Amino acid sequence: MSFSLKLTKLKVKLYFPKYHFPYWLGNKFRGGFGAVLVRAICGYIKPRCNVCNSSEDCLYYVIYEKERQRRGKSQPPRPIVFIPPFFGEEVSGRGEIEMEINVFGDFYKFLPHLIYGLRFLGKIGINSDSKYEVLSIKDVFSGKEVYDGERVYAERLKTIDLCEVKPREIDEFNVNFFTPIEADAPIKLIDLLKMIRRRLMLYVNEYGDGLIPEFNCDAEILESEWKKHRLVNYSRRKGKRVFYGITGYAKYKIMDCDENTLRLLSIGELIGAGSKASFGMGFLKISV
């Protein structure tokens with residue numbers, strides 16, 4: 001594949017003395033992190049990002065306010081993506097949960113800001129019943145801790161280039177869609193590959209370079225099971241919005257494909273598929 005796109009992937013361990021989680025956490029971490037980030041890094045009492053001379057170098061602006069892509073006129077994909085667990089119901093309790101974070105391009109340089117924002121959000125809570133402590137942050141690719149609850153070890157970060165991801169050598173396999181994906185059930189493999197490729201193209205155009213080649217694939221669904229979800233998001237700027245997505249699994253069998261197909265599947269496990277990536281939607285795991 002003739003493109004380049006850096007990815008840093010983190011796994012965060014959080015401890016909640018108590019929690020009451022809503023049906024969907026994806027919007028809670030995205031919105032909550034933005035609220036604390038602007039307070040932490042912006043010196044203006046009433047921020048006006050559209051007239052600020054420092055906006056292009058501001059992490060808050062790039063993640064939350066930037067309206068136009070580097071190539072195109074719509075909103076760009078966001079360079080930092082929170083992927084909390086999806087419960088599909090309200091749950092209460094106490095204990096640890098794990099969350100992954102994808103960081104694209106050179107935005108791994110903002111690791112201290114990311115850690116500070118997560119800690120700040122933990123003190124406020126993602127809601128009044130759900131404050132937390134950041135226990136640790138591990139780099140997924142190196143397997144090493146980059147934050148142990150006290151110190152930051154930025155030198156332990158390992159960033160990969162997605163163009164170098166190895167193809168998955170599989171022909172019959174299961175895909176678990178563990179966070180909601182905007183799609184109609186059942187999801188054919190060719191449609192899933194198109195959604196992975198589309199998400200990859202958006203990130204490459206904004207934070208990488210090059211072109212994503214086409215793929216060829218002939219496959220069938222052997223079995224599948226799906227559940228539909230109504231996801232409500234409240235935004236300061238856009239008010240109430242409702243998204244619809246599905247979770248579940250599908251078992252696929254590939255009759256014929258090229259190497260691009262198999263590499264896209266590997267990339268899809270890392271970056272997900274479809275729209276609403278910044279809300280933690282469209283993430284999947286492959287098993288044989």
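**Reading the definitions against the structure**

Trainee: Why is tyrosine 132 called buried?

Mentor: A residue is buried when its relative accessible area is under 20%, exposed when it is over 50%, and partly exposed in between (1.4 Å probe, protein chains only). Tyrosine 132 has a relative accessibility of 7%, so it counts as buried. This is a predicted model, in which local features need pLDDT of at least 70 and side-chain atom pairs count only at pLDDT 80 or more, while totals for chains, interfaces and linings use all residues. Residues are numbered from 1 along each chain as its sequence is written, and side-chain values use heavy atoms, with hydrogens and water left out.

Trainee: How many aromatic pairs does the structure hold, and what makes the pair of phenylalanine 16 and tyrosine 132 tilted?

Mentor: There are 18 aromatic pairs. Rings of Phe, Tyr and Trp (its six-membered ring) pair if their centres lie within 6.5 Å; planes under 30 degrees apart count as stacked, over 60 as edge-to-face and the rest as tilted. The ring centres of phenylalanine 16 and tyrosine 132 are 5.3 Å apart and the planes stand at 50°, so this pair is tilted.

Trainee: Which parts of the chain does this pair tie together?

Mentor: Helices (H or I, at least four residues) and strands (E, at least two) are DSSP runs, numbered from the N terminus. Phenylalanine 16 belongs to strand β2 (residues 6-21) and tyrosine 132 to the loop between α3 (111-124) and β5 (133-139), so the parts tied together are 116 residues apart in sequence. Phenylalanine 16 is buried, at a relative accessible area of 0%.

Trainee: What makes the pair of tryptophan 24 and phenylalanine 279 tilted?

Mentor: The centres of these rings are 5.9 Å apart and their planes are at 35°, so tryptophan 24 and phenylalanine 279 form a tilted pair. Tryptophan 24 and phenylalanine 279 are both buried.

Trainee: How do you know that arginine 30 lies over the face of phenylalanine 279?

Mentor: A charge sits over a ring if NZ of Lys or CZ of Arg is within 6 Å of the ring centre and within 35 degrees of the ring normal. Arginine 30 lies over the face of phenylalanine 279 at 4.6 Å from the ring centre.

Trainee: What makes a set of residues a nonpolar core?

Mentor: Such a core is a set of buried Ala, Val, Leu, Ile, Met, Phe, Trp, Tyr and Cys residues joined through side-chain atoms within 4.5 Å. The largest one has 81 residues, and Leu200 is among those with the most contacts inside it. Helix α4 (residues 189-207) gives the most to this core, nine residues. A second, separate core has six residues, including Phe243 and Phe279.

Trainee: Are aspartate 106 and glutamate 269 buried or partly exposed?

Mentor: Aspartate 106 has a relative accessible area of 38%, and is therefore partly exposed. Glutamate 269, at 18%, counts as buried. Glutamate 269 forms a salt bridge with arginine 168, their closest N and O atoms being 2.4 Å apart. Arginine 168 is partly exposed, at 23%.

Note on methods
Salt bridge = Lys/Arg side-chain N within 4 Å of Asp/Glu carboxyl O.
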